[in-house]
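Work through these exercises with the model open beside you. Try each task before you read its solution.

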Amino acid sequence: MKVLKFGGTSVGSVESILSLKSIVEKEAKEQSVIIVVSALGGITDKLLETSRLALAHDDRWRDEFDAIVDRHHRMIDTIITDTQDREKLFNTVDTLLEQLRSIYFGVYLIHDLSKKTQDAIVAYGERLSSNIVATLIKGARWFDSRNFIKTITKQQGHVLDVEVTNKLVKQTFSVMPRISLVPGFISKDSTSGETTNLGRGGSDYTAAIIAAALDADVLEIWTDVDGFMTADPRVISSAYPIKELSYVEAMELCNFGAKVIYPPTIYPVCVKNIPIKVKNTFNPEAEGTIIKEKIEGDHKPIKGISSINGTALITVTGLSMVGVIGVNRRIFTTLANNGISVFMVSQASSENSTSIGVKEDDAEAAVKVLNEEFAKEIATGAMYPMHAEGGLATIAIVGENMKHTPGIAGKLFGTLGRSGISIIACAQGASETNISFVVSSKFLRKSLNVIHDSFFLSEYKVLNLFICGVGTVGAKLIKQIHSQYESLKEDSQLLLNVVGIASSKKAIFNRDGIDLENYKELLDASENSDTQKMLDGIIGMNIFNSVFVDCTASKDVATIYQPLLEHNVNVIAANKVAASGDYENYRKLKDTALRCGVKFRFETNVGAGLPIIGTINDLKNSGDKILKIEAVLSGTLNYIFNSISETVPFSETVKQAKELGFAEPDPRIDLSGMDVVRKLVILTREAGYRVEQSDVVKNLFVPDEYFEGSVDDFWKKLPQLDAEFEAKRKPLVEKNCKWRFVAKMEVNADDTVSTSVGLQEIPLNHSFYELEGSNNIVTLTTKRYKEYPMLIQGFGAGASVTAAGVFANILSIANI
């Protein structure tokens, strides 16, 4: 025998109620079933709202009541096709509705609404819906649950009269019809016979009570989701149904905001070891979630995450609390006597402070009654006045396997800390099934996402990218990300979610991800932006696992690295400004990244996609010491000096470099050697030495006057250098040498460094001699690689390889 409960959404529309009919008729072919139904979706709230209007002597109660009548009439007209059945049902339903109208009119007239009357009013929702469903399903027999679900009054509330109820349930169903139809939620007082109820969500409880009393094979809860989810899917799009939960895990998730099942539901069936299945009325073929005593072959330490927003912490503190017996008893007794529920308690081992989690709506009342309870202690200074901190959210991670897995709490708090989320209070019981903690409400979404991602509850690891700059490098990067998206998702379970794209004047943001096929059109249609607006947009989004990617050469953009890192946003820069600028700022950025547990990466600052900076860091971190760096770091200059010949003069090679995209639009930037200076400064700093750009000795090959005036002036004057370069080139060729613009760093005896850049003659037997095209080359002489220096060589210029290097930096943050 099965008990099936259908919630308000399952009887809320024509589609859902017909799906219910199909599900029940299919089950009834196999065995006897008891069907428990809630009121039509939204009707209970309508009943309460109409009560409020009637009590306030507001004539709009009639409109609300008419809407209730119309809702039920339309449902009957649509789903009950047999004329005789429909007429009989209308008689039953209209009789109930007329009774309800009379009650509302009485409330309206006498301006009074007792709890007894309110209980009678809300019972009509289930009384109406259950009669409709009983008529819809041929052969179903309707039972009034008030005849066998009994309550007693305790502390001004209705509590199940367990012994009497179990006896009556067994008597009622001693002869089991094939299909029994029962209204959920409603009950009767054992003594007075007045209509009562089991509380909001009580239809689940009704079903569980019946299942336990009759030793059902299974209790099925039919709702509008595919089961218990790993987290709230409205917040975490990657949340998915949990296949199996233990009773304890389900109870913990229910108590902390997972509204799939009414919490008291679990206890009656747990005692009888009756499994609970949670199924979707709108997707009956879905597997759903099964809840039972033991889960075999389950190794995940965390099953799910639940949360309660709109919470407050009441802090009770005072020196008189230390070692004094009975303080906590007074706290909880006072709150209980005033109907205030506590869902979390955190107490320091010193006993001088206790933090209590309550709903934000209860915070003011809680402070008031506790201040009254401890008025004498507060007056003498032995305790401090209570205070409440609102605007908070409470999160719980749940899983019975946590007690078998060391380090869960450490990983949890470390993960949150690296994301810039401060924990205000936390609590964990000795059972280690639930770790609960409190954060600011503004960090709720971010907290849930980062936990879901870090504990492998998500199918994919997610990186949320903000890309600044859509020029040659930025555009290539976006294209590479788009082309690799599905491959990374399938092969590496990595989801690259581009949530922001900015140009020099425009910016677009979308936390769900930007369509990379159409980003240019979206960017063009967006509002004007600037660096500050971009920064505010990124920080305001407050999204987890966020990465800012700078594909510009902008000084203004480099200024926002510091606040981004302080807000736990990873920074990847193709922009050399920050890493080569003022040393103190460079050091501060590195230190901030380390302190905040995020990454500041700029591998492509030197050698485009070549692994130069990463190799230097690996050598240094493994205990080696960099003694000398010699490098050809300008692909542009290398192309120029490889291309110059008797028939191709110097000025022509510069033009070719620009046309091929190796040189900047203003090639004087390359010819000045300042780009190489910046790169040498970055390598020297990454090798562990302090250096500024002004410390580098510059031996340049283009006179200073060529850098004055406009770019047009430069192009006009440039051919004047051709004869001089040709005169120097001929003897160079005769000596079988080549020109290379070499950057050099060498450690002195006193552990200081000497740095220089300049044009050098490279002989045939030198490793720099055969450097082709726009390639870069670096030799690293270290304590370990002293006799035979390490050599790194490859394509060191161009948008595609630079974008690929940036892409590799992004993947390194995901540990791929």
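## Exercise 1: The cores

Task: find which members of the largest nonpolar core touch the most other members.

Solution. The largest nonpolar core has 106 residues, and Ile451, Phe548, Tyr561 and Phe650 touch the most other members. A nonpolar core is a set of buried Ala, Val, Leu, Ile, Met, Phe, Trp, Tyr and Cys residues joined through side-chain atoms within 4.5 Å. Buried means under 20% relative accessible area, exposed over 50%, partly exposed in between (1.4 Å probe, protein chains only). Helix α26 (residues 674-686) gives the largest share of this core, 6 residues. Helices (H or I, at least four residues) and strands (E, at least two) are DSSP runs, numbered from the N terminus.

Next, take Phe650. Leaving aside neighbours within four places in sequence, its contacts include Ile640, Phe641, Leu671 and Phe725. Contact means heavy atoms within 4.5 Å.

This is a predicted model: local features need pLDDT of at least 70, side-chain atom pairs count only at pLDDT 80 or more, and totals for chains, interfaces and linings use all residues. Residues are numbered from 1 along each chain as its sequence is written, and side-chain values use heavy atoms, with hydrogens and water left out.

## Exercise 2: A helix span

Task: check the span of helix α11 (residues 360-373) at 1.5 Å a residue.

Solution. The expected span of a helix is 1.5 Å times one less than its number of residues. Helix α11 has 14 residues, so it should span 20 Å. Its end C-alpha atoms are 20 Å apart, which agrees.

Now look at the buried side. The buried residues of α11 are Ala363, Ala366, Val367, Val369 and Leu370. Their cover includes β13 (304-317), α10 (327-337), β15 (353-359) and β16 (387-398).
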